[in-house]
Amino acid sequence: MNEEIRQQKMQNIAELRELGIEPYPYRFSKTHSSAKIKEEYDYLEASETKEDAILSTAGRVVALRHHGKSAFFVLKDDSGRIQAYIRKDSVGDENFKLFKKHISLGDFVGIEGFPFRTHTGEMSIYVQKFEILSKAIRMLPEKWHGLKDKEIIYRQRYVEMLSNDEALERFKKRFELLRLTREFLNQRGFMEVETPILHSVTGGASARPFITHINVFDVDMYMRIAEELYLKRYLVGGFERIYEIGKNFRNEGISYKHHPEFTMMEVYQAYADYEDMMELTEALISSVVEKLTGGTVIEYQGKEIDFSRPWRKVKMRDFIKERLGVDILEDSDEALLQVLESHDNIPEIKERGHLIEKLWDLVEDELVAPTFVLEHPVIISPLAKKHRNDPRVTERFELVINGMECANAFSELNDPVEQYKRFLHQAGLRDAGDAEAHMMDMDFVRALEYGMPPTGGLGIGIDRILMFITDSPNIRDIIPFPLVRPVSFTEEELATEQASEKKEE
RNA sequence: GACCCGCUAGCUCAGCAGGCAGAGCACUUGACUUUUAAUCAAGGGGCCGAGGGUUCGAAUCCCUCGCGGGUCACCA
């Protein structure tokens, strides 16, 4: 970074200490957020003051305009921005000199004063006292264009948050979504539970896991790829309505819709089936979308997406047959492969399940509005119950929005013998080189042998839903601290080291 | 993993027929007591991502590497 500016900042801090002013003090009594001030004194007319309403607020200085014997500055806090006005005759000569010399863009400042509205109508605080709360050494990104460098945005998200107001709002929406989801489920009588993240056998999804090592047992373990199998153990144990919101880890590629570490919400309801889960999905997602965007029709990357209920339902078999002319239940492997070849989309593993998944991928993009895709074949659904009317398919659905899979649910398979057979088939695929096939989980089979009630289960990809709500083109935009390739910090260390030596002097 | 694009001041970006490294904001100094992308005057600031090559001369052309972005492939 700019060494000259850094030196100036360090010099500035040293001077403050000489004046007996601590640049990093301990606390400040903040009575009002910026938003609260604007709300509470909204009635003030232009040029009107409210001198008897002494209040205090604090935030980061994000704009500063000196005018000789007065100055305007803007404090940013987590509710917004508020302008402050300071003048020589309001704080005294000494304090004003201190302000001019030692308050810079980027610093945290606490102020006390009263609200007023300027001639031009801007709600402001007339500063009577101010206090340095934390000095910044680094310079803020440009005020007008904001921060645009994707590398800084992803690697130093805090810089994006502090400089681009939109970023703070985007992440507030993320946590608001989590809050609303919990509220919705709690209201329906679901209890939030937790399951392990370190698994000796991991399952519940088709994915490559991360491998880690536990020293006390001296064995490798997996980071979970799904919460599913442990949540169902709760059902065996006697819980009836549970959910978990947590991180899953999949050691696979990164794309605009894939991130190795992502947030999944899974819900399980005893005595329910996939139809009930469909109702739950529709109700939950349309409710949070409406609360967070203010409507049921959203604009996503210039495209209109309508979340109004009820959502469209298509059977996987029918949709593929309609678009590609091939029947995934009746036609031979060769016939399926032929269609894939004609679309230049040949899977590495030529097993029937993979062929079906590949065929689906070809048509999935056509679904823009939220659509339930129903009745996946048994072969690609090792944890779902067979359909009550057709043993070739399962009672399962996936929710597709704008070509992206956002939820997955089924009437949970609870027949232990059947589950064992399904695992065996998957184990066969693993042996044949499919690294994403499910692992045999004998403890889970044993759990089912004790009896699990008929259960509806549902998983929702929280990040993807959030992409639509915030109109974000890339999943990394709504993951606060996305995975980045590690880099060295030699330059940063050197600069800080020099500063620390200077401080010792 | 393959292909394409990018990397120049703290930030946003020019400069790429090869010829002294630029602007705006930010920073420093000064003026200014209702500004809001404040204004005015003066000034400082660069390993042009790294390394190698071509050339009298490279930010600019070529090669290798690093980091990032996008598209495709695998995956939710």
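Strands here are DSSP runs of E with at least two residues, helices are runs of H or I with at least four residues, and both are numbered from the N terminus. Leaving aside neighbours within four places in sequence, Phe-72 is in contact with Ala-63, Leu-64, Arg-65, His-67, Gln-83, Ala-84, Tyr-85 and Thr-118. Contact means heavy atoms within 4.5 Å. Phe-72 and His-438 are 366 residues apart in sequence, and their C-alpha atoms are 62 Å apart in space.

The model is predicted: local features need pLDDT of at least 70, side-chain atom pairs count only at pLDDT 80 or more, and totals for chains, interfaces and linings use all residues. Residues are numbered from 1 along each chain as its sequence is written, chains are lettered from A and ligands numbered from 1 in the order in which they are written, and side-chain values use heavy atoms, with hydrogens and water left out.

**The chain as a whole**

Chain A has 16 helices and 18 strands. Its C-alpha atoms fill a box of roughly 90 × 55 × 50 Å, taken along the principal axes. Of its 505 residues, 50% count as buried. Buried means under 20% relative accessible area, exposed means over 50%, and partly exposed is in between, with a 1.4 Å probe and protein chains only. The accessible surface of chain A comes to about 25,300 Å², and 50% of this surface belongs to carbon and sulfur atoms. These areas come from the Shrake-Rupley method with a 1.4 Å probe; for residues, only the protein chains shown count as cover.

Among the contacts in chain A with a separation of 6 or more, 66% join residues 24 or more positions apart. The chain holds 68 positive and 90 negative charges, whose mean positions are 4 Å apart. Lys and Arg count as positive and Asp and Glu as negative, while His and the chain ends are not counted. Each charge is placed at NZ of Lys, CZ of Arg, CG of Asp or CD of Glu.

**Domains**

Chain A is divided into domain 1 (1–139) and domain 2 (163–310 + 404–475). The bounds come from an automatic or database domain assignment. Taken over C-alpha atoms, the centres of the two domains are separated by 46 Å. Five residues of domain 1 are in contact with five residues of domain 2.

**Nonpolar cores**

A nonpolar core is a set of buried Ala, Val, Leu, Ile, Met, Phe, Trp, Tyr and Cys residues joined through side-chain atoms within 4.5 Å. The largest one has 46 residues, and Met-265, Phe-307, Phe-397, Leu-458 and Phe-468 touch the most other members. Helix α9 (residues 274–293) gives the most to this core, with 10 residues. Apart from this core lies another, of 25 residues, among them Ile-37, Phe-96, Ile-103 and Ile-132.

Not counting residues up to four places away in sequence, Phe-307 touches Ile-285, Ser-286, Val-289, Thr-296, Ile-298, Pro-370, Ile-401 and Phe-468.

**Backbone exceptions**

Most residues other than glycine have a negative phi, and most peptide bonds are trans.

| Residue | Backbone feature | Loop |
|---|---|---|
| Tyr-271 | positive phi of about 65° | between β11 (261–270) and α9 |
| Glu-375 | positive phi of about 60° | between β15 (371–374) and β16 (396–401) |

Tyr-271 counts as exposed because its relative accessibility is 58%. Glu-375, at 12% relative accessibility, counts as buried.

**Two further residues**

Met-439 lies in the loop between α13 (416–431) and α14 (442–449). Met-439 counts as buried because its relative accessibility is 11%. Beyond its neighbours within four places in sequence, Met-439 is in contact with Val-201, Thr-202, Pro-209, Tyr-222, Phe-423 and Arg-430. Gly-428 is 11 residues from Met-439 in sequence and 9.7 Å from it in space, C-alpha to C-alpha.

Glu-405 is found in strand β17 (residues 404–411). With a relative accessible area of 30%, Glu-405 is partly exposed. Glu-405 touches Glu-364, Glu-398, Leu-399 and Arg-464, not counting residues up to four places away in sequence. Between Glu-405 and Thr-212 there are 193 residues of separation in sequence and 28 Å in space, C-alpha to C-alpha.
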